[in-house]
Amino acid sequence: MSQDYAKGKGKASGGEDSSSNNPRRQASNRPQYVTVGSGSTSESAARLQALLDNDSGYGGSVAGDSFNGAPTWNPTLTEDRPTPSHSPMPRGMNDMVESDRRVQANAIHQLWYNSHRATLSRSIAKVMESLKSLQEFNATWPATYPSVQRAETAQPQRQDPRPGLVHTQSTAPGATSFPENRPGQLRRSQTYGAEPESSKSAEQRTTPEPRLVTPQIAQEFSILKLDLKLGALHQTELVHSLEKNSIASLLDGKISSSIKHLLSLRERIEDTSSKVLITGDLNAGKSTFCNALLRRKILPEDQQPCTSIFCEVLDAKENGGIEEVHAVHKDVHYDRHDESTYDVYTLLDLEKLVTSNEVYTQCKVYVKDVRAIDQSLLNNGVVDISIIDAPGLNLDTTKTTAVFARQEEIDVVVFVVSAANHFTMTAKEFIWAAAAEKAYIFIVVNGYDNIRDKERCQKMILEQVQGLSPRTFKESTELVHFVSSNAIPTAPMPPGGPGGNGSGSSSGGGGGDGDDGSDPKGKGKDKEKIQDFENLEQSLRRFVLEKRARSKLAPARTYLLNVLNDVQTLATVNQEVAQSELDRVTKELNDLEPLLEASQKAKAEVSDDIDKTIEATCKDIYDHTRSTLLQSISQAADEDLGVPYPGLLNVFQYADEIKEAMLSQISASVTSCEEHARTKTIEGVSAIKQLGLLHLGDEYTDLSFRSDVMFRRKRDVLARQVEIETEIWDFFDWSTLIQRQEKMAGTGMALTVATAVGGQMVGGWGWVDGALGAAKVVGNNNLRKLILPGVVVTAIAATYYILSQIPTSLPHRLSTKISTQLQAIDYVHANSDRISSSVRRVLRFPADNLRVGLQRSVEQLGTKREETKKIRTESDVARKYFSNLVNETGRIRNTVEAVDLEGPAPGVAGGYDP
Ligand SMILES: Nc1nc2c(ncn2[C@@H]2O[C@H](COP(=O)(O)OP(=O)(O)OP(=O)(O)O)[C@@H](O)[C@H]2O)c(=O)[nH]1
């Protein structure tokens with residue numbers, strides 16, 4: 001496997017100067033590079049390079065569809081086969097092999113990188129698809145947000161002795177931080193956009209929980225955690241207090257921002273370029289160091305602070321091979337293809353540009369790097385690297401802040417510190433903050449030539465590094481370099497520009513000891529400085545390429561795992577919710593069906609029953625009224641009317657009173673019939689209510705029924721309409737008379753005659769003629785003598801008798817007349833009909849009400865059944881959807897987890913201590 005820097009046992013490349021006065025160099029154990037095949041043929045390097053050139057990073061030879069199986073990266077490709085130490089080679093040959101090996105290592109690393117990048121990129125696409133589908137589903141079936149129980153866990157207090165620097169991590173929109181105590185393999189729920197690694201102390205550091213977010217929610221959710229910061233309610237209460245739809249819409253917003261963040265992550269991992277930020281204290285030699293890296297004097301160097309804007313040095317190939325400076329306008333997003341975003345200058349103008357910071361804040365410097373791809377940082381054959389020369393940290397606060405702000409797009413931070421000044425306070429603050437983000441900082445201790453007691457200097461600097469970034473200190477052989485940048489020979493600027501330290505690539509450094517070129521000892525010293533610098537360069541190349549993979553891919557991996565965890569949790573919860581909803585509505589439907597059936601049956605039956613009951617009641621009332629009234633009318637004369645006979649003189653008044661009494665009696669009968677009907681109506685209403693309660697239960701709405709308002713109309717109004725004239729003959733009850741006479745048959749002819757005559761008399765005066773006719777028969781004189789007194793007596797007797805019978809006969813006579821009259825106006829039927837109709841009318845109200853209630857009940861049950869069926873279908877769909885989502889996210893998660901960025905990366909170098 002690749003060598004671990006800390007345990008590097010490889011032989012130092014080009015290690016001919018074992019007599020170096022650099023104690024670090026003596027101790028330096030260079031890592032052995034990865035070799036493929038024999039590790040010595042340029043053919044294999046060329047083959048690998050060709051493979052790499054053809055590899056788009058999204059398929060082809062290396063990136064198969066890792067969703068259908070294991071990732072296609074073949075680890076045997078990267079197997080280390082160190083060159084046996086017993087294979088000595090001639091020096092020239094050695095250089096060739098070394099160069100070849102670097103190319104191969106780079107190519108292998110790039111293949112590894114592309115493979116992971118392709119897997120992550122595809123996973124991002126899959127997750128975005130899943131999120132979009134979740135978003136759509138959430139709109140139709142509002143997802144349930146899991147509720148949690150509050151756990152009163154004490155929040156660990158931050159124990160950070162460091163100064164309060166602004167933590168410049170880049171997080172996804174809306175993401176919140178929380179302690180790293182999540183279950184499973186996930187490391188952080190935090191959504192770092194730039195650099196997932198953080199120093200151990202940063203990892204232990206806890207960020208206070210946002211208000212109303214319980215530790216459980218924090219653990220369960222990271223990306224899709226709803227940030228509910230409303231009022232004084234607890235998160236749990238808040239989630240419950242919000243409507244389901246409100247939660248769903250909050251979730252929708254979270255999903256949208258997550259999709260947005262995934263897009264930017266994809267953009268970032270597909271961006272092939274990598275940025276190296278060179279920063280440090282004022283005048284630490286940053287520009288000089290950059291120039292040394294480029295082997296050209298591009299950036300202005302000065303004894304006094306001069307760099308006031310960010311200078312990003314890029315390979316001129318990215319600008320069509322043209323060397324020029326693009327000074328970017330303030331507050332404008334640079335676009336090389338849009339000249340309105342920048343002004344073009346020549347390299348010679350840089351001096352002017354970097355010192356005047358009024359118009360521009362940054363410039364892009366396109367330069368040709370003519371060095372070989374195994375030596376050049378810019379032109380390394382693997383990745384587009386740009387070097388950013390930043391203004392000195394302590395120039396002013398604004399600039400310092402700007403440096404922090406730029407860290408998101410920075411893959412590697414190179415910190416230049418003056419060997420003479422060590423770390424200033426500002427430098428320490430910067431490294432503390434940066435170490436939290438980047439874990440490893442590449443430290444260049446510059447101006448080492450100025451130091452006499454080099455050993456002491458190294459010791460002191462390394463002690464400081466240990467305090468500032470323990471992980472960097474652990475890898476200090478690779479990450480901390482003591483150099484003299486001004487000793488590196490640099491090519492001059494194009495004609496007219498400031499001269500370089502040498503006249504060509506081969507010339508010696510200008511500022512170092514022995515720069516006159518005549519002193520062999522000095523030459524030796526320069527060589528050492530150059531060697532130290534070259535060692536630095538190789539370390540930096542490895543570091544940049546290594547860090548690039550981690551800094552670019554790890555945030556995507558971490559974010560993917562976090563969001564997948566969230567979606568899976570959400571999907572699992574909702575799958576359960578959908579299942580229980582399905583169970584519930586299925587049971588509800590099973591209960592509902594028989595209810596509906598019974599309700600429909602009840603509706604039909606009860607309706608018939610009510611009709612029959614009403615009709616039976618009405619008929620009963622009609623019959624009762626009719627018989628009662630008929631009886632009352634027919635027996636009116638037989639009742640004790642309570643009218644005293646006032647004598648013959650007031651006989652007419654007597655007749656009137658009897659009439660009135662009879663009619664009153666009939667009226668009273670009507671009233672009693674109405675009373676009876678009322679009682680029956682009350683019974684009927686009560687029976688209907690019982691039916692309603694029986695079939696509708698609480699749903700039955702009772703109507704208030706006031707029986708006293710029934711039959712309010714004047715009851716005897718019809719009776720009063722009866723107009724009966726009293727006639728003289730009403731006082732004579734002939735039928736009674738006749739009956740009496742028959743009984744008295746033996747009393748004599750005279751009486752019979754008298755009766756007969758009297759009867760005739762009743763009809764008119766014709767009886768006189770009859771008497772005279774009889775006289776003729778009997779004889780004239782005798783008969784006259786006999787008959788006349790008899791007639792008189794008889795008449796008197798008859799008259800007396802008739803008059804004495806008035807109190808008995810008159811009521812009968814009047815009763816008959818009244819009966820006849822009432823019959824004529826159909827009094828009995830009219831009243832019976834009136835009373836029974838009134839009852840029918842009254843009973844219809846509760847009956848109709850009950851019918852409506854039953855109909856409504858049937859309709860309600862029907863509607864409920866339809867709704868329940870709908871919910872059942874929706875729940876079933878949701879259950880299947882979330883079940884699929886659980887499986888799908890699980891598959892993607894396995895794929896993402898298989899992207900191993902923690903282990904040693906093949907090719908370039910061994911992995912840093914993860
Ligand atoms: N002796 C010595 N001098 C150096 C070394 N590196 C840089 N210098 C000198 O230090 C001075 C400042 O160098 P610069 O590269 O301008 O420093 P800087 O950090 O870019 O400065 P600002 O960007 O203005 O903060 C120059 O005069 C350089 O010649 C070195 O390794 N040894």
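**Notebook: a first pass through the chain**

I began with the burial count: of the 914 residues in the protein chain, 40% are buried. I call a residue buried if 20 or more other C-beta atoms lie within 10 Å of its own, exposed if 12 or fewer, and partly exposed in between, with C-beta atoms placed from the backbone. The model is predicted, so I note that local features need pLDDT of at least 70 and side-chain atom pairs count only at pLDDT 80 or more, while totals for chains, interfaces and linings use all residues. Residues are numbered from 1 along each chain as its sequence is written.

Next I looked up the elements. The protein chain holds 23 helices and nine strands. These are DSSP runs numbered from the N terminus: helices are H or I with at least four residues, strands are E with at least two. I also checked contacts, meaning pairs whose C-beta atoms, placed from the backbone, lie within 7 Å. Among contacts between residues at least 6 apart in sequence, 80% join residues at least 24 apart.

**Strand β6**

I turned to strand β6, residues 384-389. Five of its six residues are buried, so β6 is largely enclosed by the rest of the structure. I then asked which strands pair with it; pairing needs at least two DSSP bridges between two strands. Strand β1 (residues 273-280) runs parallel to β6, with six bridges. There, Ser274 stands opposite Ile385. Strand β2 (residues 310-315) is antiparallel to β6 and has three bridges to it. One partner pair here is Glu312 and Ile388.

**The ligand shell**

I counted what surrounds the ligand. The shell has 22 residues, and the closest are Gly285, Ser287, Thr288, Thr307 and Gly392. Helix α8 (residues 286-294) gives the largest share, three residues. By type, the shell has four nonpolar, 14 polar and four charged residues. Here Ala, Val, Leu, Ile, Met, Phe, Trp, Tyr, Cys and Pro count as nonpolar, Asp, Glu, Lys and Arg as charged, and the others, Gly among them, as polar.

**Helix α12**

Which residues of α12 are buried? I found Gln458, Ile461, Val465 and Leu468. They cover an arc of only 90 degrees around the axis, which puts them on the same side of α12. The arc is that of the directions from the helix axis to the C-beta atoms. An α-helix has 3.6 residues a turn, so residues three or four places apart point the same way. The face turned away from the buried side of α12 carries the exposed residues Glu455, Arg456, Lys459, Glu463 and Gly467.

Helix α22 (residues 806-824) has 19 residues and reaches 26 Å from its first C-alpha to its last, close to the 27 Å expected. The expected span is 1.5 Å times one less than the number of residues. Its buried residues include Leu814, Ile818 and Leu822. Just after α22, Asp826 takes a positive phi of about 55 degrees.

I then went to Val722, in the loop between α17 (717-721) and α18 (734-743). Is Val722 buried or partly exposed? It has 18 C-beta neighbours inside 10 Å, so it counts as partly exposed. Beyond its neighbours within four places in sequence, Val722 is in contact with Leu663, Ile818, Gln821 and Leu822. Its C-alpha is 9.6 Å from that of Tyr827, 105 residues away along the chain.

Methods:
A residue is near a molecule or strand if its C-beta atom, placed from the backbone, lies within 6 Å of it. Two residues are in contact if their C-beta atoms, placed from the backbone, lie within 7 Å.
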